[in-house]
Amino acid sequence: MTAMAWMFLAATIAAPPDFDREIAPLLARRCLSCHAGDGVKGGLDLTTRANALRGGDSGPALSVDDLTRSGLWERITADEMPPKHPLSVEEKSLVQAWLTAGANWSDTPIDPLKYTSAERAGYDWWSLQPLARELRPPVVAGVNHPVDAFLSAKQQVVGLESSPPAARAVWIRRVTFDLLGLPPSPEEVETFVNDPAPNAAERLIDRLLASPLYGERWARHWLDIVRFGESNGYERDLPRPDAWHYRDWVIQALNKDLGYDEFVRWQLAGDSLTDDEFESSRALGFLVAGPHDTVVPVVDRMRQVMRQDELEDVIGTIGQTFLGLTVNCARCHDHKFDPISAREYYQFVAALAGVNHGEREITTAENARLVQTAKARFEQVTRALRDIEDPARQAVLRDKANGITGAVAAPAPIAAWDFTKDLRDHFGTLHGEWKGDGKRTADGIEVRDGVYVTTPPLPRDITAKTLEVRVKLADLIQRGGGAITLQTLDGAVFDSIVFGEQEAQRWMPGSNGFTRTQSLQGTMDEAADKEFVTIAIVYHADGTIAGFRNGQPYGKPYRSSAPITYAAGKAHLVFGLRHSPVGGNRLLKGTIATARLYDRALTNDEVSASAQASGVFVSEAEMIARLTDDQRRQRDELRQDIVKAQQELAAREKAAKQKIYTVMSTLQPGPSFVLKRGNVADRGDQVIPAGLAAIRGLTADLKVSAESLETDRRQRLANWITDRRNPLFARVMVNRLWHYHFGAGLVENPSDFGFNGGMPSHPELLEWLASEFVRSDYSLKHMHRLIVTSATYQQSSQHRTDAAKQDAHNRYLWRMNPKRLDAEMIRDTMLAVADTLVLEVGGKGYSDVNSYFFKGTQFYDPIDPTGPQASRRTIYRAWARGGRNPLLDTFDCPDPSTTTPKRSQTTTPLQALSLMNHAFVLRIADQFAERLQHDAKNDSANAVRRAFALAYGRTPTADEIAQCTAFAQKHGWSSLCRGLLNSSEFLYVD
């Protein structure tokens, strides 16, 4: 009997295979990579029985008459399917038995993403399974630490053992660099080495984790992952001067050990967690940390493509950072290696479709309170001064009026200008400033095309008000020029005395979009080009607006919408212009003699009195002459108080308004669709926000609809990602911590836990660490403490030939991996040993480039700045994407345009050349030498001891002291210091 006959006989005797448990996984692993989804090979789809019976280009795959003679079986037996790796004898037997039993098929199609094969991961991939929370460390004789137990058990299996503990001086240098990114001081090393307490290491770790330097060090790792940059990238690469708020937020969150789940939720949906707009905007900088193309195409389709490119970048960063999955690889088709469909990718798009780049100006609650306090103080002293000066001014005005007084005295304005004399505000601080080539005559200021006068911002809020101007027009045919205007600083909102805009030769109250403008029904002005006329418009609190000409009612009052409140610091006055910006018919042509601003609606009698006095001003000397000696003393004190109060208010207002580069969300994003092959012109089904079905133990349903608000979408996505049942969330982060502490993760690619990321070297340890992370409420400091207190972390880094032969890459951690300082640590450590490091925390960073805009592109030329700001830690450098630093780049500082979960570590001749010749290194060497001479009191041997303690954290040998002393005496201490900074012992940590 032939072997094939025996296979038939066995198939008929044995029980038929279970389709869902045996056949479907086999077809998924061995067949569906070619025969499922779009573009199936040979036109054959094997996901359903109906499709198999229908067949492909070569006919039906199954024959209902004789299943054992079907096309599928013929290709399998001929080893043509699969072509490169035919089925094994066991697999063929299974298929044979299935066909013989009738080729039963389940009602649902086979999901090609469900099963792991030799070519891709399925839903059963290891990283997608729930955490093994009940896993306990193995019992290993003589091992007490849980981390060491897992590692020792694995070492025993392969015949390896750990190295002895590192010397105390070596270990404190290692752990201080790891947690703070800076070396311990010689005094700290000495104290620790001589500390006999059994808990000395634990106390040291607690001190390091409590240091504000910890957040700065570990924020640098995080900013690598999220590709944080302070410019837009692409061809224009415009700077983002206010993006640094996100960097500061990360530092502060890490320092206060914000739970990692909260840390992530704030960055994805902080605006749903708090009413504090400032705090949430800082955290949301994560979503806009990447590049942003500001060159918007004219063609709509290209704009859509650009938008999809930007969303892919955001989704890729979120997927890799928090889930360790390259979700973005499913944009054009189902993921080639991981169980993520294109539909799921666009469900992610739907959750983030409202995210846009932008800048907000925000005032914190505390800053607003400080501004109000300063404003109240300014108004208090201003009122006190007016209470002294106003009666004296009115007395002088009454005398000057030569008997032209009624029952009502001329009111006191809050600002007044006599342009026949100067541009000064004779009642306050709103002094005028020319815009354009201005000219003032004995009659006043001449305004015309391109020439007008502006004032500084108002020192107080104004709602009800009276505007008054004494003006002579150049002609009566002009239409729309403004004589006096109160407007927001950008001119978007304004109230103005306007001539002839809607009605020829008539005065009107101009306003933005005519929102408060109606006809006063006044008469045509036939004389305003021959003589000065005084025009006033009164704005009442109830919205009533009334006009006056030469103190008499002009037309009829009317009721408008409620008046506008012009906020202090955000509005100013303009003379000769209807509103900013300059253009059209907005400029007046004529001469303005005087003007007044009142912070209330004057009565008719007060308007009349003001008009009669419009050409009469009181000089300061005349006013002072009416004061008593005691009033003059009080006035001098109050004027000094006003200056101080105004300076305080200006400073508070400037500090209060903080611009932040953050998310500008679309309240209600439009519908999202699957884009077939990623083509924006080929829409498929509409989708709603959802997670990934492949993650076991966690539903992908976010409980949102196509009509859900943008903030709700992001909040639901954030909650799904950080759900305690999400196994990837904890696994990915503890692996990152392990990677940064040991130089290699348990999973070698920290941002890919999919098929291409491979398997973990110690899966049980990874499971236990992830579970412990969840149990600790996601405390990063707890995990740091757990890792660095292990004997594995504390062991020596000495090379052992016998162990290296068996495990050259040290995957079993039989020794500690020596690590080179990264680029920022090299620079910071140089500053530290030279005693020039400035430990200023937070705020706007320093710049080491000369930035300028030329022919449509921002350029960043490297410079070598000096001074305290340039001596801050490197994390406070302004990280423009095009603004590279040659020294940092030489030591593999990553490009912030792309995410960098694992930095390259190269060894090149250029590194040595940079350390020998870069201007920064030369300057540091000089400063280091000066420090040594100062600290050692010019004792050469002590200077060498101090140099080694600072640079290496150890005491030099007698030979080293002799050689270094001789070298310094011959070549200078700066040359010796430069040599120390170039050494491997300085650049590497054991």
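**Aromatic stops**

Select W222, W249, Y260, F263, F286, F322, F729, F773 and Y778: together they make one aromatic cluster. This is a predicted model, in which local features need pLDDT of at least 70, side-chain atom pairs count only at pLDDT 80 or more, and totals for chains, interfaces and linings use all residues. Residues are numbered from 1 along each chain as its sequence is written, and side-chain values use heavy atoms, without hydrogens and water.

How many aromatic pairs does the structure hold? There are 30. Rings of Phe, Tyr and Trp (its six-membered ring) pair if their centres lie within 6.5 Å; planes under 30 degrees apart count as stacked, over 60 as edge-to-face and the rest as tilted.

Next, pick Y345 and Y346. They pair edge-to-face, 4.8 Å centre to centre, with 85 degrees between the planes. Y345 is buried at 0% relative accessibility (buried means under 20% relative accessible area, with a 1.4 Å probe and protein chains only). Y346 is buried too, at 1%.

Now go to F742 and Y793. Their ring centres are 5.9 Å apart and their planes stand at 85 degrees, so this pair is edge-to-face. F742 sits in helix 21 (residues 727-742) and Y793 in helix 24 (residues 791-794), so the pair links parts 51 residues apart in sequence. Helices are DSSP runs (H or I, at least four residues), numbered from the N terminus. F742 and Y793 are both buried.

Finish with charges over rings (NZ of Lys or CZ of Arg within 6 Å of the ring centre and within 35 degrees of the ring normal). Select R168: it lies over the face of F192, 4.7 Å from the ring centre. Then select K465, which lies over the face of Y539 at 4.2 Å from the ring centre.

Conventions:
Buried means under 20% relative accessible area, exposed over 50%, partly exposed in between (1.4 Å probe, protein chains only). Helices (H or I, at least four residues) and strands (E, at least two) are DSSP runs, numbered from the N terminus.
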